[in-house]
Structures are given as structure tokens and as C-alpha cells.
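Dear colleague,

I am handing over the structure below, and I would be glad if you could look through it before reading my notes.

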Amino acid sequence: MTNKRLVVGISGASAPIFGVRTLELMKQVEGVETHLVYSAAAVRTIELETQLTISAIQDLADVVYEPVDIAASISSGSFRTMGMIIAPCSMSTLACIATSVSKDLLTRAADVTLKERRPLVLLCRESPLHLGHLRRMAEATEMGAVIAPPIPSFYHAPQSIDDLINHSIGRALDIFGLDLPWMKRWQSPSP
């Protein structure tokens with residue numbers, strides 16, 4: 001049995017492609033089992049913003065949980081994982097995490113991740129931000145979460161939107177210490 005399990009959450013925020021791409025890229029990483037959990041709102045956002053069905057996305061994960069399955073293994077701290085990434089993370093999901101409200105399995109799994117002192121990476125998706133959003137981000141950070149908005153970088157000379165998405169996900173997965181051979185990293189410029 002492996003201890004290398006990564007929980008991948010998808011909330012109802014715009015850009016569910018970040019969660020989908022996380023699952024796709026994790027297929028290239030050996031020795032890590034992906035556990036997918038999503039919110040009920042994510043299903044609707046996926047329908048509106050992608051050409052994918054929820055079952056096609058479920059097929060990308062090693063293990064899948066329904067949003068209401070509060071007895072799932074990821075709802076317990078005794079189930080070992082390397083941590084959790086929520087991509088994208090809605091402001092509603094962030095608010096639940098910051099206030100320790102477990103409204104569904106997604107937010108319960110995030111709460112468990114924090115209480116067990118495991119990495120919780122939140123790709124918050126909202127703009128502009130009001131003071132309430134910023135305060136919830138600060139509260140989640142004080143509890144141990146890492147706020148990692150999918151802000152594009154350009155030093156890797158992206159040629160497509162996919163390059164921007166992949167790089168944002170790659171940077172987020174770096175937090176888990178995953179070796180991503182395709183990831184382009186900053187290097188000092190030649191003199």
C-alpha cells in the first residue's frame with residue numbers, strides 16, 4: 001500500500017480546467033495515486049466551461065468520491081495522504097476552509113488536511129478581490145494553507161494557453177515536492 005496519495009479537489013469556481021489538468025499531469029508522475037473530490041457546483045461549472053463530462057474527469061483519477069460521501073476515506077486523518085490541492089478554489093470553498101465549516105466532502109477533506117498539518121494548496125479563482133476574500137485568504141494561510149492563485153508567468157516563453165495552465169499547475173505541484181520533468185524553471189540569463 002502506498003503513502004503517496006494526492007487529494008485533488010475541484011470546486012465550482014470558474015476554470016475547472018485547472019483541476020482537470022492537475023489530474024492529467026499527475027498521470028505522468030509515477031508512484032502517486034490521485035483521489036478526486038469535487039463540489040456539486042463543480043459539476044455545473046464543468047458542463048458550462050468544458051467539453052467534458054464529470055464521468056470523463058472521474059476517469060482521470062485513481063479514486064473518486066461523491067461530494068456527499070462524508071464517510072469517505074479522505075474524511076479521516078488516519079488515511080494518509082501527501083496533502084490536497086483544490087484547483088480551482090471558489091471563494092465559497094475558501095470561506096468554509098477558513099472558518100472550519102465542513103459543508104461537503106471537499107471542505108471536510110480540506111479541514112482534515114489542515115488538522116493533520118499536511119500541505120493544502122488553494123488555487124483561488126476570483127477577481128477583483130474584496131476585503132472579505134482577502135481576510136479569508138489570510139485566515140486560511142494562518143491555519144497552514146498555501147494560497148496559490150493561477151497567475152500566469154511568462155519567463156518560460158509560453159506558446160499557448162495550455163502552456164500557461166500547465167505552468168500554473170506545475171508551480172502548485174512543486175509545493176508537494178513532486179518532480180515534474182517537463183516543468184520549465186527560471187534560470188539566470190546569459191551575460
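Asp174 has its place in helix H7, where helices (H or I, at least four residues) are DSSP runs numbered from the N terminus. Please bear in mind that this is a predicted model, in which local features need pLDDT of at least 70 and side-chain atom pairs count only at pLDDT 80 or more, while totals for chains, interfaces and linings use all residues. Residues are numbered from 1 along each chain as its sequence is written, and side-chain values use heavy atoms, with hydrogens and water left out.

Asp174 and Met82 lie 92 residues apart in sequence and 12 Å apart in space, taken from C-alpha to C-alpha. Once its neighbours within four places in sequence are set aside, Asp174 is in contact with Met183 and Arg185, contact meaning heavy atoms within 4.5 Å.

Helix H7 also packs against helix H1 (residues 17-26), and the two axes come within 10 Å and cross at roughly 70°; axes are lines fitted to C-alpha atoms, for helices over the stretch in contact, and angles run from 0 to 180 degrees between N-to-C directions. H1 is therefore roughly perpendicular to H7, since angles under 35 degrees count as roughly parallel, over 145 as roughly antiparallel, 65 to 115 as roughly perpendicular and the rest as oblique. On the H1 side the contact is made by Ile17, Phe18, Arg21, Thr22, Leu25 and Met26, and on the H7 side by Asp162, Ile165, Asn166, Ser168, Ile169 and Leu173. By class, this contact of H1 with H7 has 7 nonpolar, 3 polar and 2 charged residues, where Ala, Val, Leu, Ile, Met, Phe, Trp, Tyr, Cys and Pro count as nonpolar, Asp, Glu, Lys and Arg as charged, and the others, Gly among them, as polar.

On a 1 Å grid over the protein atoms alone, a pocket is an open set of points with protein on both sides within 12 Å along at least five of seven lines, a cavity is a set of points where a 1.4 Å probe fits but cannot get out, and lining residues have an atom within 4 Å of a point. Grid points are joined across faces, edges and corners, and a volume is the space filled by probe spheres set on the points. Among the residues that line the largest pocket are Leu123, Tyr155, His167, Ser168 and Arg171, and the lining divides into 8 nonpolar, 3 polar and 1 charged.

The structure also holds 1 cavity of 30 Å³ or more, and about 40 Å³ of space lies in the largest cavity. Its lining includes Val7, Phe79, Val112 and Arg118, and helix H5 (residues 105-115) supplies the largest share, 3 residues.

H5 meets H4 as well, with axes that come within 9 Å and cross at roughly 45°, which means that H4 is oblique to H5. The contact joins Thr93, Cys96 and Ile97 of H4 to Leu106, Thr107, Ala110 and Leu114 of H5, and by class it has 5 nonpolar, 2 polar and no charged residues.

With kind regards

How values were computed. Helices (H or I, at least four residues) and strands (E, at least two) are DSSP runs, numbered from the N terminus.
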